[in-house]
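Here's a quick briefing to go with the model you're about to look at.

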Amino acid sequence: MAKWNIDLGHSAINFQVKHMMVSKVKGVFDSYSADIEATDLADLTTANISFTIDPASINTRSEDRDNHLKAADFFDAEQYPTITFKSTNITKKSGDKYAVTGDLTIKDVTKSVTFDTEFNGKGTNPWGQEVYGFEAETTINREDFGLTWNAALETGGVLVGKDIKVSVELEINPA
């Protein structure tokens with residue numbers, strides 16, 4: 001199996017959640033790493049994938065909100081300094097589409113999640129290095145991972161939605 005690196009300048013881990021039942025807050029994690037091994041990335045079923053994310057690197061373009069998300073009400077980044085994902089099963093759905101299932105751990109709570117993943121193709125960068133592109137998406141219930149803080153709205157509903165849409169965009173090259 002070959003090892004692969006993420007090109008951090010051409011990759012992202014994004015999320016979005018409903019805010020006040022009417023809009024969406026979007027954000028990214030600025031600091032993360034991955035261990036990816038695969039015989040052939042054009043056939044993702046040959047891969048072993050794991051990610052480590054620093055929750056203190058959360059960025060929603062609002063310092064006050066980011067500080068709240070890092071605190072004990074949400075990620076408690078000081079006590080739980082990593083979010084991890086480790087693939088347990090990768091199956092081909094059709095064409096370039098895969099189901100990447102694995103164990104997601106947030107605040108010491110581990111749940112199985114499946115990312116709908118698409119191989120976007122491969123190319124050669126200007127330095128002659130082969131690169132591969134992928135997109136992956138899943139939705140998790142944040143309360144399943146102990147992220148339960150919320151506030152009731154005077155008009156009904158809640159401040160923060162339960163469902164978090166997570167999307168990952170990756171450009172990968174040989175290690």
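Asp108 counts as exposed, because its relative accessibility is 63% (exposed is over 50% relative accessible area, buried is under 20%, and partly exposed is in between, with a 1.4 Å probe and protein chains only). Keep in mind that this is a predicted model, where local features need pLDDT of at least 70, side-chain atom pairs count only at pLDDT 80 or more, and totals for chains, interfaces and linings use all residues. Residues are numbered from 1 along each chain as its sequence is written, and side-chain values use heavy atoms, with hydrogens and water left out.

**More on that loop**

- Asp108 sits in the loop between strand 8 and strand 9, and has a positive phi of about 65° despite not being a glycine.
- Lys107 is in the loop between strand 8 (97-106) and strand 9 (109-124), and its phi is also positive, about 55°, though Lys107 is not a glycine.
- Lys107 counts as buried, since its relative accessibility is 15%.

**Fold and dimensions**

- The protein has one helix and eleven strands (DSSP runs numbered from the N terminus: helices are H or I with at least four residues, strands are E with at least two).
- Reading from the N terminus, the order is β-β-β-β-β-β-α-β-β-β-β-β.
- The C-alpha trace spans about 55 × 30 × 30 Å along its principal axes.

**Packing and charge**

- Buried residues make up 41% of the 175 residues.
- Of the contacts with a separation of 6 or more, 54% are between residues 24 or more positions apart (contact means heavy atoms within 4.5 Å).
- There are 17 positive and 27 negative side chains, and the centres of the two sets are 5 Å apart (Lys and Arg count as positive, Asp and Glu as negative, while His and the chain ends are not counted; the charge is placed at NZ of Lys, CZ of Arg, CG of Asp or CD of Glu).

**Around Asp54**

- Asp54 is in the loop between strand 5 (47-53) and strand 6 (58-59), and is partly exposed at 29% relative accessible area.
- Leaving aside residues up to four places away in sequence, Asp54 touches Phe29, Ser31 and Pro81.
- Asp54 and Phe115 are 61 residues apart in sequence and 20 Å apart in space, C-alpha to C-alpha.
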